[in-house]
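Here is a short report on a structure that may be new to you. Keep the model open while you read.

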Amino acid sequence: MSAAAPSAHVDPAALERRLHALLDERYHDKHPFNVRMHAGALTPDELRRWVRNRYYYQTRIPIKDGVILAKSEDREFRRSWIRRITDHDGDAQREGGLELWLRLADAVGLDRREVASLRNVLPGVRRACDAYVELVTNSDLLASVAASLTESRAGTLLGLRAAAFEKHYGWIAPEGLAYFRSRTTQAPRDAAEGMAFVLTHARTAADAERCVGALAKKCEILWALLDAVEWGGAKPRLAPAAQLRESEPLVVLPERAVKLTGSGREILAACNGTRSVEEVAAFLRARHPGAERVERDCYDFLEQMQKQGVIEAPA
Amino acid sequence: MSAPAARAPRPLNLVAELTYRCPLRCPYCSNPTNLRDFPDALSAEDWARVFREAAALGCVHVGLTGGEPSARRDLPQIVAAATSAGLYTHLVTAAMPLTAPGLAVLKERGLRSVQISVQDAEPKASDEIAGTESFARKCELARETKRLALPLTLNVVLHRRNLRRVREIIALARALGADRLELANAQYHGWALANRAALLPTHAQIEDAARAVAEEARLGAKPEILFVLPDYFRDRPKPCMGGWARGHIVVAPDGRALPCHNAAQLPLEFWNVRERSLASCWADAPGMNAFRGEGWMREPCRSCPERARDFGGCRCQAFALTGDAANTDPACALSPEHARIAASHAEPARGELRYRERTA
């Protein structure tokens, strides 16, 4: 890649087109889990798992916005951006997004204390959300703002979601949908502000690349979050192609072999096609009550095994 | 059977090249161009012994390949022998002359999985590359594989003429119910090197294909898609065979035990399983030990921090392009001979193909 001269001019219209093209391609509205959600195909358990886990993402938003605030020397910028924190945390006049999300939790039949404790957040979800805070922490102000531009699609997505919930998930009380409604107006306003900032401050080709890169990473994070939610309910079993060797901890597959370490064999044995990933982790926890990190290790291991084709989870 | 020398690592995989005969004539075939020097010298009984010895060495998997393994009429007997040796038995086939009833027989004998090659998503283009009408049969055998509940891998070699149809190829794999899709960018050995000017794609083609694969892979779990950027388009070499004589043993149709099937072209001494045990061919043949480990490496490999990852690249490519197999693979940007790879990109593209000779 040739280095751009410092004075290389960025055409704001061209940058805006690139950012939108990226969102067209990678925004999580196309994720199979979201597609099923909006088509009314999720079971109550799946919806609850999503509500419980997505709450962790909601809690990260004001934290990452605090990080962004701390990067700016500009009073005007901070005065405007701080509104995002109030939108989620609330103030004396009105409830914020976090409270509205807990009302959604109530409405789908979850215990809001359990949700708020973040105790049962899936490790893959935690990893994805923490990666967002880390991305913002390690980027400059411009790229951190660019990462937030997924908001430019959130208004439409949440409008669609509110309608889909009313139509397909009649068992959820309408008070539960207040979060989606509040965001259909907040998100477009925030997105317009973020886009204007990015297009004004991205001056060099390198700036433009950083913005596109940060937004791409953010799209990956949202996608990974849903992957993890989906995976939590999967009921894995050994793939038909996989052969577990009896004489040694080794799984043989077409043209490859996977070595098992630690309690790998025990975890695989628990994958009988009727236990969900969450239940496999609970099963292992019950067998090793004193061990550290059983759940996390179990999820990580099963994720790897799935990527390598050792286990599969029929829909 | 003599015990393997301590320095020989445990091989996990045996590649059993049952014959170099094949009804297809693909111009990128990586089989040796001097096919007639490799007669089918091993009987089914010989193969049975090789399988038992491979299992004793630690192999857990055998790929039955060629050429076209189903060109051998004793294939069912060979599959049964591999299975009873305790190996995971995987068939790599062009789906000719193998038929649906023939595949059912192989499953009965213990076959665990099947890889079928298709040359393109477009029937006419596929047949043109194969040099024979075969596309419809391949699709039919792929469906039969799934009907028999055998795991199916679809393999498509990518090159200048089919790279633009990579999305159609993925759609074909989905339609056939493939569990795995290997998008194998042509490696320039054997016939492929002779046809390089007609097959080598442009950088733009490779980038477009990589993007299409990433998008398609995001949208669906199946098939698992393998797409590795070809070494001609990277500045580091491929970790060829996972290292020379490290995890794979190839037994060629003539009985020679090799670290990879192109290695027969190198001026090295390999031993034959008709004369010695597989363990001895693996551990003690001078050719097997020629490039094992790191002792043979010269600069820039010798002091390179990446040598444990790519093992210096491909010995056969180093030999074919520089005349010395101990040189750094010229696909590496650190190789003093890297310009040879760069020059190939500047060669004018050629239209006509030189087809592999017909052998079955």
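## A one-sided helix in chain B

Start with helix α6 of chain B, residues 166-175. An α-helix has 3.6 residues a turn, so residues three or four places apart point the same way.

What lies over these buried residues? The cover of α6(B) includes the strands β5 (152-158), β6 (180-185) and β7 (224-227) of chain B. Helix α9 (203-219) of chain B is also part of that cover. Just after α6(B) comes B:G177, with a positive phi of about 75°. Bear in mind that this is a predicted model.

Most residues other than glycine have a negative phi, and most peptide bonds are trans.

Take the peptide bonds. B:G67 belongs to the loop between β2 (61-65) and α2 (75-84) of chain B. B:E299 and B:P300 are also joined by a cis peptide bond, and here omega is about 5°. B:P300 sits in the loop between α11 (286-290) and α12 (307-310) of chain B.

## Two alanines with positive phi

Look for B:A95 in the loop between β3 (88-93) and α3 (100-108) of chain B. B:A149 is another residue other than glycine with a positive phi, near 60°. B:A149 is in the loop between α5 (135-147) and β5 of chain B.

Is B:A95 buried or exposed? B:A95 has 27 other C-beta atoms within 10 Å, so it counts as buried. B:A149 has 9 other C-beta atoms within 10 Å, so it counts as exposed.

## A helix pair in chain A

Turn to chain A. Helix α3 (residues 44-69) packs against helix α6 (residues 97-107) of chain A at an angle of about 175°. Their axes are 10 Å apart. That angle is over 145°, so α3(A) runs roughly antiparallel to α6(A).

From α3(A), the contact uses A:V51, A:Y55, A:Q58 and A:T59. From α6(A), it uses A:G97, A:L98, A:W101, A:L104 and A:A105. By class, six residues in this contact are nonpolar, three are polar and none is charged.

A:R52 is also in helix α3 of chain A. A:R52 has 23 C-beta neighbours inside 10 Å, so it counts as buried. Leaving out residues up to four places away in sequence, A:R52 touches A:L110, A:V115 and A:N120. A:R52 and A:L122 are 70 residues apart in sequence, while their C-alpha atoms are 9.3 Å apart.

## The nonpolar core

The largest nonpolar core has 185 residues. Which of them touch the most other members? They are A:A146, A:C211, B:A54, B:L87, B:L154 and B:A257. Helix α12 (residues 205-232) of chain A gives the most to this core, with 12 residues.

Look at A:C211. Neighbours within four places in sequence aside, A:C211 is in contact with A:L19, A:L142, A:A143, A:A146, A:V198 and A:A202. Then find A:C219 in helix α12 of chain A. A:C219 counts as buried, with 20 C-beta neighbours inside 10 Å. In sequence A:C219 and A:R26 are 193 residues apart, but C-alpha to C-alpha they are 6.0 Å apart. Beyond four places in sequence, A:C219 touches A:L22, A:R26, A:Y27, A:H28 and A:T150.

## A buried proline, and where the chains meet

B:P259 lies in the loop between β9 (257-258) and α10 (278-284) of chain B. With 30 C-beta neighbours inside 10 Å, B:P259 is buried. Its contacts beyond four places in sequence are B:M241, B:W244, B:A245, B:V250 and B:M288.

The side of chain A that touches chain B has six nonpolar, two polar and three charged residues. In total, the contact takes 11 residues from chain A and 16 residues from chain B.

Definitions and conventions. Residues numbered from 1 in each chain as written. Chains lettered and ligands numbered in written order. Predicted model: local features only at pLDDT ≥ 70, side-chain atom pairs only at ≥ 80, totals over all residues. Axes fitted to C-alpha atoms, helices over the stretch in contact; angles between N-to-C directions. Helix = DSSP H or I, 4+ residues; strand = E, 2+ residues; numbered from the N terminus. Parallel < 35°, antiparallel > 145°, perpendicular 65-115°, else oblique. Contact = placed C-beta atoms within 7 Å. Nonpolar A, V, L, I, M, F, W, Y, C, P; charged D, E, K, R; others polar. Buried ≥ 20, exposed ≤ 12 C-beta atoms within 10 Å, placed from the backbone. Core = buried A, V, L, I, M, F, W, Y, C linked by C-beta atoms within 7 Å.
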